[in-house]
Amino acid sequence: MFDFLSNYDDPSLLGAFWVTVQLTVFSAVGSLIWGTLLAAMRVSPVPLMRGFGTAYVNIVRNIPLTVIIVFTSLGLADIFGVTMGAPDNFETKYFRLAVLGLVAYTAAFVCEAIRSGINTVPVGQAEAARALGLSFSQVLRLVVLPQAFRSVIGPLANVLIALTKNTTVAATIGVAEAALLMKEMIENEAQTLLIGAVFAFGFVVLTLPTGLFLNWLSKRLAVKR
Amino acid sequence: MKLRKVTAASAAVFALALTATACGGGDSGDSGSSSGGGDKIKIGIKYDQPGLGLKEPDGSFSGFDVDVATYVAKELGYEPNQIEWVETKSADRENALSRGDVKLIAATYSITDERKEKVDFAGPYLLAHQDLLVAADSDISEATDLNDKKLCSVTGSTSAQNVKEDFAPDAQLSQRGGYSECLSALQNGQVDALTTDDSILAGYAAQDQYKGKFKLAGLKLSNENYGVGVKKGDTETVNKVNDALEKMVSDGSWQKAVEENFGPANYKNEPAPKIGQIVQ
(Lines give C-alpha, C1' and ligand atoms only; values in the text may rest on other atoms or scores of the structure.)
Protein backbone atom coordinates (compact mmCIF):
# COMPACT_ATOMS: atom_id res chain seq x y z
CA MET A 1 0.00 0.00 0.00
CA PHE A 2 2.81 2.40 0.80
CA ASP A 3 5.27 0.91 -1.67
CA PHE A 4 5.02 3.96 -3.94
CA LEU A 5 6.99 5.89 -1.33
CA SER A 6 10.14 3.98 -2.29
CA ASN A 7 9.99 5.51 -5.80
CA TYR A 8 11.05 8.84 -4.37
CA ASP A 9 14.64 9.30 -3.30
CA ASP A 10 15.55 12.81 -4.49
CA PRO A 11 14.04 14.19 -2.38
CA SER A 12 12.79 11.33 -0.27
CA LEU A 13 9.88 11.71 2.11
CA LEU A 14 12.25 12.33 5.01
CA GLY A 15 14.41 14.65 2.92
CA ALA A 16 11.39 16.76 2.01
CA PHE A 17 10.29 16.99 5.63
CA TRP A 18 13.87 17.91 6.58
CA VAL A 19 13.57 20.94 4.28
CA THR A 20 10.28 21.76 6.03
CA VAL A 21 12.06 21.60 9.39
CA GLN A 22 14.87 23.84 8.11
CA LEU A 23 12.37 26.36 6.78
CA THR A 24 10.58 26.31 10.13
CA VAL A 25 13.71 26.72 12.25
CA PHE A 26 15.28 29.52 10.21
CA SER A 27 11.97 31.36 9.96
CA ALA A 28 11.24 30.86 13.65
CA VAL A 29 14.58 32.32 14.72
CA GLY A 30 14.29 35.18 12.24
CA SER A 31 10.73 36.05 13.15
CA LEU A 32 11.48 35.87 16.89
CA ILE A 33 14.22 38.46 16.49
CA TRP A 34 12.30 40.72 14.08
CA GLY A 35 9.08 40.28 16.06
CA THR A 36 10.77 41.27 19.33
CA LEU A 37 12.20 44.38 17.68
CA LEU A 38 8.75 45.24 16.35
CA ALA A 39 7.22 44.77 19.80
CA ALA A 40 9.91 47.03 21.29
CA MET A 41 9.04 49.63 18.65
CA ARG A 42 5.35 49.40 19.45
CA VAL A 43 5.90 50.19 23.15
CA SER A 44 8.73 52.68 22.62
CA PRO A 45 8.38 56.35 23.56
CA VAL A 46 9.32 57.49 20.02
CA PRO A 47 6.14 58.23 18.02
CA LEU A 48 7.78 57.47 14.65
CA MET A 49 8.83 53.98 15.76
CA ARG A 50 5.44 53.31 17.34
CA GLY A 51 3.79 54.36 14.10
CA PHE A 52 6.06 52.17 12.00
CA GLY A 53 5.51 49.14 14.27
CA THR A 54 1.75 49.57 14.26
CA ALA A 55 1.59 50.10 10.51
CA TYR A 56 3.86 47.11 9.78
CA VAL A 57 1.87 44.71 11.94
CA ASN A 58 -1.50 45.82 10.67
CA ILE A 59 -0.48 45.73 7.03
CA VAL A 60 1.57 42.54 6.98
CA ARG A 61 -0.71 40.32 9.05
CA ASN A 62 -3.63 41.23 6.81
CA ILE A 63 -1.91 40.20 3.59
CA PRO A 64 -2.37 36.51 2.68
CA LEU A 65 0.87 34.57 3.11
CA THR A 66 0.65 33.23 -0.44
CA VAL A 67 0.71 36.77 -1.77
CA ILE A 68 3.78 37.60 0.32
CA ILE A 69 5.67 34.46 -0.72
CA VAL A 70 4.80 34.86 -4.39
CA PHE A 71 5.84 38.52 -4.14
CA THR A 72 9.31 37.52 -2.93
CA SER A 73 9.68 35.49 -6.12
CA LEU A 74 7.84 37.55 -8.77
CA GLY A 75 8.49 40.93 -7.18
CA LEU A 76 11.79 40.88 -5.29
CA ALA A 77 13.62 38.30 -7.39
CA ASP A 78 12.21 38.86 -10.88
CA ILE A 79 11.64 42.61 -10.95
CA PHE A 80 14.03 44.04 -8.36
CA GLY A 81 16.74 41.44 -8.98
CA VAL A 82 17.18 40.40 -5.34
CA THR A 83 19.26 37.23 -5.40
CA MET A 84 19.83 36.63 -1.68
CA GLY A 85 23.51 35.97 -2.37
CA ALA A 86 22.85 33.06 -4.70
CA PRO A 87 22.18 34.33 -8.24
CA ASP A 88 23.06 31.03 -9.92
CA ASN A 89 21.71 28.53 -7.43
CA PHE A 90 17.93 28.47 -7.61
CA GLU A 91 17.56 26.03 -4.74
CA THR A 92 19.34 28.30 -2.25
CA LYS A 93 17.89 31.47 -3.74
CA TYR A 94 14.25 30.41 -3.43
CA PHE A 95 14.81 28.80 -0.03
CA ARG A 96 16.16 32.10 1.30
CA LEU A 97 13.39 34.08 -0.36
CA ALA A 98 10.84 31.79 1.28
CA VAL A 99 12.49 32.27 4.68
CA LEU A 100 12.44 36.03 4.12
CA GLY A 101 8.73 35.96 3.32
CA LEU A 102 7.91 33.70 6.26
CA VAL A 103 9.91 35.88 8.66
CA ALA A 104 8.22 39.05 7.42
CA TYR A 105 4.79 37.49 7.88
CA THR A 106 5.27 35.55 11.13
CA ALA A 107 7.05 38.45 12.86
CA ALA A 108 3.77 40.38 12.89
CA PHE A 109 2.15 37.63 14.95
CA VAL A 110 5.21 37.20 17.18
CA CYS A 111 5.16 40.96 17.82
CA GLU A 112 1.55 40.90 18.92
CA ALA A 113 2.13 37.88 21.18
CA ILE A 114 5.09 39.57 22.87
CA ARG A 115 3.25 42.86 23.20
CA SER A 116 0.45 41.06 25.02
CA GLY A 117 3.13 39.60 27.30
CA ILE A 118 4.54 43.07 27.95
CA ASN A 119 1.07 44.16 28.99
CA THR A 120 0.98 41.44 31.66
CA VAL A 121 3.95 43.03 33.47
CA PRO A 122 2.54 45.45 36.08
CA VAL A 123 3.20 49.02 35.00
CA GLY A 124 4.57 49.80 38.48
CA GLN A 125 7.65 47.70 37.72
CA ALA A 126 8.53 49.79 34.67
CA GLU A 127 7.90 52.97 36.63
CA ALA A 128 10.09 51.75 39.49
CA ALA A 129 12.85 50.86 37.04
CA ARG A 130 12.60 54.30 35.44
CA ALA A 131 12.77 55.88 38.92
CA LEU A 132 16.02 53.97 39.51
CA GLY A 133 17.45 55.72 36.46
CA LEU A 134 17.38 52.86 33.92
CA SER A 135 17.02 53.88 30.27
CA PHE A 136 14.14 52.67 28.08
CA SER A 137 16.18 49.84 26.56
CA GLN A 138 17.44 48.80 30.00
CA VAL A 139 13.90 48.72 31.38
CA LEU A 140 12.85 46.57 28.44
CA ARG A 141 15.86 44.23 28.48
CA LEU A 142 16.33 43.79 32.24
CA VAL A 143 12.84 44.10 33.69
CA VAL A 144 9.96 43.83 31.24
CA LEU A 145 10.95 41.43 28.43
CA PRO A 146 12.26 38.58 30.64
CA GLN A 147 8.87 38.43 32.37
CA ALA A 148 6.96 39.03 29.15
CA PHE A 149 8.65 36.11 27.35
CA ARG A 150 7.87 33.73 30.20
CA SER A 151 4.19 34.53 30.02
CA VAL A 152 3.87 34.24 26.21
CA ILE A 153 5.45 30.82 25.61
CA GLY A 154 1.96 29.39 25.10
CA PRO A 155 0.90 31.95 22.46
CA LEU A 156 4.32 31.71 20.79
CA ALA A 157 3.87 27.92 20.58
CA ASN A 158 0.67 28.58 18.62
CA VAL A 159 2.59 30.85 16.27
CA LEU A 160 5.32 28.24 15.84
CA ILE A 161 2.83 25.51 14.99
CA ALA A 162 1.09 27.80 12.52
CA LEU A 163 4.50 28.63 11.03
CA THR A 164 5.35 24.93 10.61
CA LYS A 165 2.20 24.43 8.58
CA ASN A 166 2.62 27.73 6.73
CA THR A 167 5.96 26.54 5.31
CA THR A 168 3.91 24.52 2.81
CA VAL A 169 3.21 27.79 1.01
CA ALA A 170 6.90 27.85 0.03
CA ALA A 171 6.03 25.16 -2.52
CA THR A 172 4.40 27.87 -4.65
CA ILE A 173 7.84 29.28 -5.43
CA GLY A 174 9.38 25.85 -5.85
CA VAL A 175 11.12 25.15 -2.54
CA ALA A 176 11.41 21.37 -2.46
CA GLU A 177 9.69 20.79 0.87
CA ALA A 178 6.95 18.41 1.93
CA ALA A 179 4.05 20.03 0.08
CA LEU A 180 5.99 20.05 -3.17
CA LEU A 181 6.80 16.36 -2.87
CA MET A 182 3.13 15.78 -2.16
CA LYS A 183 2.20 17.55 -5.40
CA GLU A 184 4.69 15.40 -7.29
CA MET A 185 3.28 12.22 -5.78
CA ILE A 186 -0.31 13.22 -6.52
CA GLU A 187 0.70 13.96 -10.10
CA ASN A 188 2.27 10.51 -10.53
CA GLU A 189 0.37 8.08 -8.38
CA ALA A 190 -3.35 8.78 -8.62
CA GLN A 191 -3.78 8.02 -4.89
CA THR A 192 -4.85 11.39 -3.54
CA LEU A 193 -6.35 10.31 -0.23
CA LEU A 194 -3.52 8.02 0.85
CA ILE A 195 -0.83 10.56 -0.07
CA GLY A 196 -2.72 13.32 1.72
CA ALA A 197 -2.93 11.15 4.84
CA VAL A 198 0.81 10.40 4.78
CA PHE A 199 1.70 14.10 4.66
CA ALA A 200 -0.92 15.11 7.21
CA PHE A 201 0.57 12.51 9.54
CA GLY A 202 4.05 13.89 8.90
CA PHE A 203 2.95 17.35 10.01
CA VAL A 204 1.25 15.98 13.11
CA VAL A 205 4.52 14.24 13.99
CA LEU A 206 6.29 17.59 13.71
CA THR A 207 3.80 19.79 15.50
CA LEU A 208 2.30 17.60 18.23
CA PRO A 209 5.52 17.12 20.27
CA THR A 210 6.40 20.79 19.77
CA GLY A 211 3.05 21.79 21.18
CA LEU A 212 3.21 19.41 24.14
CA PHE A 213 6.77 20.43 25.04
CA LEU A 214 6.12 24.16 24.84
CA ASN A 215 2.90 23.76 26.81
CA TRP A 216 4.83 22.02 29.59
CA LEU A 217 7.52 24.71 29.41
CA SER A 218 5.05 27.55 29.60
CA LYS A 219 3.48 26.08 32.76
CA ARG A 220 6.91 25.58 34.32
CA LEU A 221 8.15 29.05 33.52
CA ALA A 222 4.95 31.00 34.12
CA VAL A 223 5.43 34.04 36.33
CA LYS A 224 3.36 33.45 39.46
CA ARG A 225 1.69 36.64 40.52
CA MET B 1 -42.88 17.11 27.06
CA LYS B 2 -42.49 20.16 24.92
CA LEU B 3 -38.82 19.39 24.50
CA ARG B 4 -39.63 15.94 23.20
CA LYS B 5 -41.99 17.38 20.58
CA VAL B 6 -39.29 19.70 19.33
CA THR B 7 -36.84 16.83 19.17
CA ALA B 8 -39.27 14.68 17.21
CA ALA B 9 -40.03 17.51 14.83
CA SER B 10 -36.40 18.28 14.19
CA ALA B 11 -35.66 14.58 13.73
CA ALA B 12 -38.42 14.40 11.14
CA VAL B 13 -37.04 17.43 9.32
CA PHE B 14 -33.56 15.98 9.45
CA ALA B 15 -34.72 12.63 8.07
CA LEU B 16 -36.64 14.38 5.31
CA ALA B 17 -33.60 16.42 4.41
CA LEU B 18 -31.50 13.26 4.23
CA THR B 19 -33.91 11.39 2.00
CA ALA B 20 -34.49 14.45 -0.15
CA THR B 21 -30.79 14.90 -0.80
CA ALA B 22 -30.41 11.18 -1.44
CA CYS B 23 -33.11 11.50 -4.12
CA GLY B 24 -31.34 14.45 -5.66
CA GLY B 25 -28.05 12.61 -5.75
CA GLY B 26 -29.67 9.60 -7.40
CA ASP B 27 -31.31 11.72 -10.05
CA SER B 28 -28.18 13.50 -11.13
CA GLY B 29 -26.31 10.20 -11.17
CA ASP B 30 -28.88 8.69 -13.50
CA SER B 31 -28.86 11.55 -15.96
CA GLY B 32 -25.07 11.37 -15.96
CA SER B 33 -24.88 7.71 -16.88
CA SER B 34 -27.62 7.56 -19.50
CA SER B 35 -25.84 8.13 -22.77
CA GLY B 36 -27.39 10.14 -25.54
CA GLY B 37 -30.64 12.04 -25.64
CA GLY B 38 -30.25 13.13 -22.01
CA ASP B 39 -30.34 16.73 -20.94
CA LYS B 40 -26.72 17.47 -19.99
CA ILE B 41 -23.25 15.98 -20.12
CA LYS B 42 -20.54 17.05 -17.74
CA ILE B 43 -17.05 17.19 -19.18
CA GLY B 44 -13.89 17.98 -17.23
CA ILE B 45 -11.34 20.32 -18.79
CA LYS B 46 -8.57 22.65 -17.65
CA TYR B 47 -9.57 26.30 -17.30
CA ASP B 48 -6.10 27.82 -17.42
CA GLN B 49 -4.23 26.46 -20.40
CA PRO B 50 -4.47 28.54 -23.55
CA GLY B 51 -4.62 26.42 -26.67
CA LEU B 52 -5.91 23.38 -24.77
CA GLY B 53 -8.55 24.32 -22.25
CA LEU B 54 -9.12 27.96 -21.39
CA LYS B 55 -12.00 29.80 -19.81
CA GLU B 56 -12.20 33.13 -21.63
CA PRO B 57 -13.01 36.31 -19.72
CA ASP B 58 -16.51 36.31 -21.27
CA GLY B 59 -17.22 32.83 -19.85
CA SER B 60 -16.85 30.87 -23.08
CA PHE B 61 -14.30 28.07 -23.49
CA SER B 62 -11.62 27.56 -26.09
CA GLY B 63 -8.79 25.18 -26.86
CA PHE B 64 -7.98 21.86 -28.47
CA ASP B 65 -9.25 19.76 -25.55
CA VAL B 66 -12.48 21.71 -25.68
CA ASP B 67 -12.83 21.16 -29.45
CA VAL B 68 -12.19 17.43 -29.09
CA ALA B 69 -14.63 17.14 -26.19
CA THR B 70 -17.30 19.09 -28.08
CA TYR B 71 -16.89 16.81 -31.10
CA VAL B 72 -17.00 13.66 -28.98
CA ALA B 73 -20.07 14.91 -27.09
CA LYS B 74 -21.82 15.56 -30.40
CA GLU B 75 -21.14 11.98 -31.48
CA LEU B 76 -22.54 10.80 -28.15
CA GLY B 77 -25.72 12.75 -28.88
CA TYR B 78 -25.19 16.01 -27.02
CA GLU B 79 -25.37 19.42 -28.68
CA PRO B 80 -22.76 22.02 -27.58
CA ASN B 81 -25.38 23.81 -25.44
CA GLN B 82 -25.98 20.57 -23.51
CA ILE B 83 -22.38 20.40 -22.37
CA GLU B 84 -21.61 21.51 -18.86
CA TRP B 85 -17.88 22.26 -18.52
CA VAL B 86 -16.28 21.46 -15.17
CA GLU B 87 -12.80 22.45 -14.12
CA THR B 88 -10.69 19.38 -13.30
CA LYS B 89 -7.26 20.28 -11.98
CA SER B 90 -4.52 17.68 -12.38
CA ALA B 91 -4.88 16.34 -8.85
CA ASP B 92 -8.69 16.03 -9.03
CA ARG B 93 -9.03 14.09 -12.23
CA GLU B 94 -9.24 10.50 -10.96
CA ASN B 95 -11.61 11.38 -8.14
CA ALA B 96 -13.89 13.47 -10.35
CA LEU B 97 -14.37 10.45 -12.60
CA SER B 98 -14.81 7.84 -9.89
CA ARG B 99 -17.29 10.02 -7.98
CA GLY B 100 -19.25 10.60 -11.19
CA ASP B 101 -18.82 14.39 -11.09
CA VAL B 102 -17.94 14.30 -14.76
CA LYS B 103 -18.62 11.82 -17.52
CA LEU B 104 -15.50 12.51 -19.57
CA ILE B 105 -12.21 14.27 -18.94
CA ALA B 106 -10.21 15.91 -21.70
CA ALA B 107 -7.67 17.90 -19.71
CA THR B 108 -4.11 17.28 -20.96
CA TYR B 109 -4.58 13.85 -19.41
CA SER B 110 -1.51 11.75 -20.27
CA ILE B 111 -2.13 8.02 -20.32
CA THR B 112 0.11 6.34 -17.74
CA ASP B 113 0.09 2.92 -16.08
CA GLU B 114 -0.58 4.36 -12.62
CA ARG B 115 -3.60 6.25 -13.88
CA LYS B 116 -4.89 3.26 -15.85
CA GLU B 117 -5.36 1.48 -12.54
CA LYS B 118 -7.85 4.13 -11.49
CA VAL B 119 -9.60 5.17 -14.70
CA ASP B 120 -10.13 3.97 -18.25
CA PHE B 121 -8.80 5.91 -21.20
CA ALA B 122 -10.18 6.40 -24.69
CA GLY B 123 -7.77 7.58 -27.35
CA PRO B 124 -5.05 8.83 -27.36
CA TYR B 125 -6.12 11.84 -29.37
CA LEU B 126 -2.86 13.77 -29.33
CA LEU B 127 0.80 12.87 -29.03
CA ALA B 128 2.66 15.68 -27.29
CA HIS B 129 6.31 15.92 -26.30
CA GLN B 130 8.02 17.76 -23.53
CA ASP B 131 9.76 20.71 -25.14
CA LEU B 132 11.28 24.08 -24.33
CA LEU B 133 9.85 27.50 -24.97
CA VAL B 134 12.69 29.96 -25.46
CA ALA B 135 13.08 33.58 -26.46
CA ALA B 136 12.75 34.10 -30.19
CA ASP B 137 16.48 34.86 -30.54
CA SER B 138 17.71 31.97 -28.36
CA ASP B 139 20.17 29.39 -29.71
CA ILE B 140 19.13 26.42 -27.55
CA SER B 141 18.58 23.55 -29.92
CA GLU B 142 19.84 20.38 -28.24
CA ALA B 143 18.94 18.64 -25.04
CA THR B 144 22.59 18.15 -24.12
CA ASP B 145 23.27 21.81 -23.41
CA LEU B 146 20.58 22.16 -20.79
CA ASN B 147 22.62 21.40 -17.68
CA ASP B 148 24.03 24.91 -17.40
CA LYS B 149 20.70 26.54 -18.17
CA LYS B 150 18.00 28.02 -16.00
CA LEU B 151 14.66 26.34 -16.58
CA CYS B 152 11.19 27.00 -15.29
CA SER B 153 8.20 24.71 -14.91
CA VAL B 154 5.13 24.22 -12.80
CA THR B 155 5.50 22.94 -9.23
CA GLY B 156 5.35 19.17 -9.00
CA SER B 157 4.43 18.65 -12.66
CA THR B 158 5.67 15.65 -14.60
CA SER B 159 7.78 17.97 -16.76
CA ALA B 160 9.55 19.41 -13.72
CA GLN B 161 10.25 15.91 -12.40
CA ASN B 162 11.62 14.82 -15.78
CA VAL B 163 14.11 17.69 -15.74
CA LYS B 164 15.33 16.83 -12.24
CA GLU B 165 15.55 13.09 -12.79
CA ASP B 166 16.34 12.54 -16.44
CA PHE B 167 17.67 15.00 -18.89
CA ALA B 168 19.13 17.92 -16.92
CA PRO B 169 19.73 17.05 -13.25
CA ASP B 170 22.29 19.86 -12.89
CA ALA B 171 20.16 22.57 -14.47
CA GLN B 172 18.74 25.27 -12.22
CA LEU B 173 15.03 24.62 -12.06
CA SER B 174 12.61 27.25 -10.83
CA GLN B 175 9.25 25.71 -9.99
CA ARG B 176 6.31 28.06 -9.96
CA GLY B 177 2.58 28.06 -9.41
CA GLY B 178 1.60 28.42 -13.05
CA TYR B 179 2.95 28.72 -16.57
CA SER B 180 2.10 32.43 -16.67
CA GLU B 181 4.54 33.01 -13.80
CA CYS B 182 7.21 31.15 -15.76
CA LEU B 183 6.45 33.25 -18.85
CA SER B 184 7.02 36.47 -16.92
CA ALA B 185 10.36 35.10 -15.69
CA LEU B 186 11.26 34.11 -19.25
CA GLN B 187 10.25 37.51 -20.54
CA ASN B 188 12.55 39.44 -18.19
CA GLY B 189 15.43 37.01 -18.51
CA GLN B 190 15.33 35.34 -15.10
CA VAL B 191 15.21 31.93 -16.78
CA ASP B 192 16.40 30.68 -20.17
CA ALA B 193 13.51 28.40 -21.00
CA LEU B 194 10.08 27.25 -19.93
CA THR B 195 9.58 23.53 -20.21
CA THR B 196 6.45 21.40 -20.45
CA ASP B 197 4.40 19.67 -23.16
CA ASP B 198 4.82 21.33 -26.55
CA SER B 199 1.06 21.54 -27.01
CA ILE B 200 0.74 23.68 -23.88
CA LEU B 201 3.76 25.80 -24.86
CA ALA B 202 2.38 26.34 -28.35
CA GLY B 203 -0.88 27.50 -26.82
CA TYR B 204 0.92 30.13 -24.76
CA ALA B 205 3.16 31.28 -27.58
CA ALA B 206 0.08 31.66 -29.78
CA GLN B 207 -1.54 34.14 -27.38
CA ASP B 208 -1.79 37.64 -28.80
CA GLN B 209 0.40 39.36 -26.22
CA TYR B 210 3.28 36.90 -26.73
CA LYS B 211 3.21 36.50 -30.52
CA GLY B 212 6.70 36.66 -32.04
CA LYS B 213 8.50 36.84 -28.69
CA PHE B 214 8.94 33.14 -28.05
CA LYS B 215 9.53 29.99 -30.07
CA LEU B 216 9.60 26.26 -29.44
CA ALA B 217 13.06 24.69 -29.39
CA GLY B 218 11.70 21.56 -31.08
CA LEU B 219 13.23 18.98 -28.72
CA LYS B 220 11.29 15.80 -28.18
CA LEU B 221 12.18 15.13 -24.58
CA SER B 222 9.32 12.79 -23.69
CA ASN B 223 6.12 11.30 -25.08
CA GLU B 224 2.78 12.32 -23.62
CA ASN B 225 -0.25 10.50 -24.96
CA TYR B 226 -3.31 12.59 -24.21
CA GLY B 227 -6.37 10.43 -23.66
CA VAL B 228 -9.98 10.99 -22.74
CA GLY B 229 -10.54 9.81 -19.18
CA VAL B 230 -13.64 7.69 -18.50
CA LYS B 231 -14.86 6.06 -15.31
CA LYS B 232 -13.19 2.72 -14.62
CA GLY B 233 -15.13 -0.17 -16.16
CA ASP B 234 -17.31 1.95 -18.47
CA THR B 235 -16.20 0.12 -21.62
CA GLU B 236 -19.29 1.19 -23.55
CA THR B 237 -18.39 4.86 -23.28
CA VAL B 238 -14.74 4.16 -24.06
CA ASN B 239 -15.74 2.46 -27.32
CA LYS B 240 -18.11 5.26 -28.27
CA VAL B 241 -15.47 7.91 -27.58
CA ASN B 242 -12.92 5.94 -29.60
CA ASP B 243 -15.32 5.80 -32.55
CA ALA B 244 -15.93 9.51 -32.24
CA LEU B 245 -12.19 10.26 -32.16
CA GLU B 246 -11.59 8.11 -35.25
CA LYS B 247 -14.34 9.95 -37.08
CA MET B 248 -12.90 13.29 -36.00
CA VAL B 249 -9.55 12.41 -37.55
CA SER B 250 -11.01 10.95 -40.75
CA ASP B 251 -13.32 13.87 -41.54
CA GLY B 252 -10.54 16.44 -41.09
CA SER B 253 -11.95 18.23 -38.03
CA TRP B 254 -8.96 17.02 -36.00
CA GLN B 255 -6.39 18.65 -38.27
CA LYS B 256 -8.44 21.81 -38.41
CA ALA B 257 -8.65 22.00 -34.61
CA VAL B 258 -4.88 21.49 -34.28
CA GLU B 259 -4.10 24.28 -36.71
CA GLU B 260 -6.59 26.65 -35.14
CA ASN B 261 -5.32 26.21 -31.61
CA PHE B 262 -1.58 25.72 -32.01
CA GLY B 263 -1.06 27.63 -35.27
CA PRO B 264 1.71 30.22 -34.79
CA ALA B 265 4.85 29.34 -32.75
CA ASN B 266 6.84 26.93 -34.88
CA TYR B 267 4.71 23.98 -33.70
CA LYS B 268 4.94 20.93 -35.92
CA ASN B 269 2.23 18.61 -34.74
CA GLU B 270 2.52 14.84 -34.86
CA PRO B 271 0.06 13.05 -37.11
CA ALA B 272 -3.12 11.98 -35.36
CA PRO B 273 -2.35 8.98 -33.14
CA LYS B 274 -4.10 5.67 -33.76
CA ILE B 275 -6.63 4.67 -31.14
CA GLY B 276 -5.03 2.47 -28.48
CA GLN B 277 -1.51 3.06 -29.80
CA ILE B 278 0.51 4.47 -26.93
CA VAL B 279 3.98 5.74 -27.71
CA GLN B 280 6.29 5.04 -24.80
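Guide: Two residues are in contact here if their C-beta atoms, placed from the backbone, lie within 7 Å. The model is predicted. The part to look at is chain B, which is divided into domain 1 (37-128 + 224-262) and domain 2 (130-216). The C-alpha centres of domain 1 and domain 2 of chain B lie 26 Å apart. Where these domains meet, 13 residues of domain 1 of chain B are in contact with ten residues of domain 2 of chain B. On the domain 1 side, β2 (48-49), β7 (119-128) and α9 (253-262) of chain B each supply at least two residues. Sorted by class, that side of domain 1 of chain B has six nonpolar, five polar and two charged residues.

Chain B also meets chain A. That contact takes 25 residues from chain B and 21 residues from chain A. On the chain A side, the elements giving two or more residues are α3 (65-79), α4 (90-120) and α8 (178-189) of chain A. Of these, α8(A) gives the largest share, seven residues. The residues on the side of chain A that touches chain B divide into ten nonpolar, five polar and six charged.

Within chain A, helix α7 (residues 153-166) packs with helix α9 (residues 192-221) at an angle of about 170°, and their axes are 9 Å apart. Because of that angle, α7(A) is roughly antiparallel to α9(A). The contact between α7(A) and α9(A) has nine nonpolar, seven polar and one charged residues.

Notes. Residues numbered from 1 in each chain as written. Chains lettered and ligands numbered in written order. Predicted model: local features only at pLDDT ≥ 70, side-chain atom pairs only at ≥ 80, totals over all residues. Helix = DSSP H or I, 4+ residues; strand = E, 2+ residues; numbered from the N terminus. Nonpolar A, V, L, I, M, F, W, Y, C, P; charged D, E, K, R; others polar. Axes fitted to C-alpha atoms, helices over the stretch in contact; angles between N-to-C directions. Parallel < 35°, antiparallel > 145°, perpendicular 65-115°, else oblique. Domains from an automatic or database assignment.
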